Amino acid sequence: MTLPKKIKKQSQPLIELLETQCSYLEKFLGLTRDETLAATRGDFAGVLKVSSERAVLGEKLETIQRQISRHRQRFGETREQVWQSNVAVRMSEAIRRFMSDKEQTQFLISVARQNSDEK
């Protein structure tokens, strides 16, 4: 087997893990938006349901991250190479949107709590 074919064959599992990780992060972002909507409506049961779903997805993300780390160590991939990849750009954007949405949700939950305490 030629070196390029060998590298491609060995890197395929890592690429698949990165794509799965990116997909999970995008789902995580969707759940954060669902949580924001539930908080906006004052639907605390909905907030709890979404939080539970996010916890399960978070565990999956942790597992994938451990697998990715093992692959990266084996290939000796540098951080610069990782952050220049298309998958890394998508993940960075998903994380940025998640953080923004999460801040909004926390604010809405705080306002709803204050309003319920005043009643």
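Reader: Which side chain does the side chain of Q65 join in a polar contact?

Author: This is a predicted model, in which local features need pLDDT of at least 70 and side-chain atom pairs count only at pLDDT 80 or more, while totals for chains, interfaces and linings use all residues. Side-chain values use heavy atoms, with hydrogens and water left out, and residues are numbered from 1 along each chain as its sequence is written. A polar contact is a pair of N or O atoms within 3.5 Å, where within protein one must be able to donate a hydrogen and the other to accept it, and residues adjacent in sequence count only if both atoms are side-chain atoms. At 2.6 Å, the side chain that Q65 joins in this way is that of Q21.

Reader: How many salt bridges does the count come to?

Author: A salt bridge is a side-chain nitrogen of Lys or Arg within 4 Å of a carboxyl oxygen of Asp or Glu. Among the pairs is R41 with D43, whose closest N and O atoms are 3.8 Å apart. By this rule the count is 3.

Reader: Which residue forms a salt bridge with R54, and which helix holds that residue?

Author: The closest N and O atoms of R54 and E35 are 2.7 Å apart. Because R54 lies in helix α2 and E35 in helix α1, residues 3–41, the pair ties together parts that are 19 residues apart in sequence. Both R54 and E35 are buried. The partner is thus E35, in helix α1.

Reader: How many residues apart are E53 and K49, which both lie in helix α2?

Author: Their side chains meet in a salt bridge at 3.2 Å, N to O. E53 counts as partly exposed at 33% relative accessibility, whereas K49 counts as exposed at 53%. About one turn of the helix separates E53 and K49, that is, 4 residues.

Methods: Helix = DSSP H or I, 4+ residues; strand = E, 2+ residues; numbered from the N terminus. Buried < 20%, exposed > 50% of the residue type's maximum accessible area, 1.4 Å probe, protein only.
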